Amino acid sequence: MERRRSVLLLPGQGAQRERMAAGLYEAREEFTAPMDEFFGRLGTTGSRLRSAWLRPAPNPELDESAVAQPLLLAVGHALGRAVGAATEPPALLLGHSVGELAAACLAGVFDPADIGALAAARSRSLEGTGYGGMLAVAASEGQLAEELGGFGEGAELSGSAGGMAAGADGVTVAGAADGVTVPGAADRAAVAGVTAARVADAGAAAGTAFGGVAVAALNGPRQTVLAGPREALAAVEQHLRDRGILVRALRSGHAFHSPAMEGAALRFAEALAAFGPHATRAAAGTVVSTRTGVAVTAEQARDPHFWGGQLAAPVRYWPALRELLDTLGRRPGLLLLDGSADRSLSAPARHHPAVRDGASEVVPLLAVGRDAGGPADARVFAEALHRLGEQRDHTGDHTVVS
């Protein structure tokens, strides 16, 4: 029996929570060590971040990108390290926004010793630019195009870092729907070849702008995130509320993944060049990009602009996850390891047929609600490791895939 592939899901800005994964700190050495290394390499800044991370709710400081982004990167990386140390590295890595940078670190694109410096470079790139907000909307991108088509000065396509294309309805999000699959480890070289052939332009994606507000992320079938300047975003928010559409402000002081971040994206890419990004390591798992919806190629992995440009490009998280479930969800199936502190990353997958019929399974890594950030984190994490161990015991080590 072939073993299910494990997919580590890592969160980004907006999904941060007070004391996220803190229940693992000092409870599991394989998590504690990379966190302490991260804080230690940042000196006094690291001490401040550690205090902010461990502070209970409410903690408005966690809304600041300069605090949330480094902590999301560090916690995502430490979770992946902890899973890999206790069992084996996840076969596939799918990160949302800064979670994708954590996935790149786990896959060997960046040296783990540079995590602190990467976080600092990302924070510096945000200074003085891209201020605004983000809004979660219970609607599809197509519905928003209809609802906001006549809003303000009208909808217009806004180019992302990777280019754009307009469809019949003025909205195109290209990539994962073309049937590209993510092969196993038996032919890892083919991953790069197939990906390069199917996605000639790695950044193919489009954002839709409504009076300065752009589609920043596709998180589920009816879960879309908008980003833009606060005044314009507030106007769009009221417009949607008046039409009975549920909206919720996210914890962000920047308009991530929108044209407002283009300057920051360029600065971050230039900074990343100094870290000498590498191709992913064969044994470290395959990074599935939420920009392209398919596996990151060796060429993309070594390109600092591929990673830096992510700041201004829409996050196509749900199309990428849906593609994995469509192609690998039943044979042999997937174990979706949800590394978010609110289980938002696996929420849309629970409605996918492959999960509903039991072929694939959601495995939370952290506790939620009142138990989050406390001893229950260690219990939930141990249960996840037990589930992964059962899988290994039932299938045998010779079936490892990635």
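**Exercise 1. Find which element gives the most residues to the lining of the second largest pocket.**

Solution. Start with the element: α5 gives the most, with four residues. Helices here are DSSP runs (H or I, at least four residues) and strands are runs of E (at least two), numbered from the N terminus. This is a predicted model, where local features need pLDDT of at least 70, side-chain atom pairs count only at pLDDT 80 or more, and totals for chains, interfaces and linings use all residues. Residues are numbered from 1 along each chain as its sequence is written, and side-chain values use heavy atoms, with hydrogens and water left out.

Next, take the size. The second largest pocket has a volume of about 200 Å³. Its lining has 13 residues, and T45, R48, L49, A66 and P70 are the closest to its centre. Two or more lining residues come from each of α2 (43-54), α3 (65-86) and α5 (115-126).

Then sort the lining by type: seven nonpolar, two polar and four charged. Ala, Val, Leu, Ile, Met, Phe, Trp, Tyr, Cys and Pro count as nonpolar, Asp, Glu, Lys and Arg as charged, and the others, Gly among them, as polar.

A pocket is an open set of points on a 1 Å grid over the protein atoms alone, where a 1.4 Å probe fits, with protein on both sides within 12 Å along at least five of seven lines; lining residues have an atom within 4 Å of a point. Points are joined across faces, edges and corners, and a volume is the space filled by probe spheres set on them.

**Exercise 2. Describe the largest pocket and the strands that line it.**

Solution. Its volume is about 440 Å³. It is lined by 25 residues, with A136, N219, Q223, R248 and L250 nearest its centre. β3 (133-137), β6 (213-220), β7 (223-228) and β8 (247-249) each supply at least two. By type, the lining has 13 nonpolar, eight polar and four charged residues.

**Exercise 3. Locate Q69 and list its contacts.**

Solution. Q69 is found in helix α3. Leaving out residues up to four places away in sequence, Q69 touches Q13, V98, R122 and F256; contact means heavy atoms within 4.5 Å.

**Exercise 4. List the contacts of W307.**

Solution. Skip its neighbours within four places in sequence. W307 is then in contact with E100, A104, V109, F110, L272, V287, V296, Q300 and A301.
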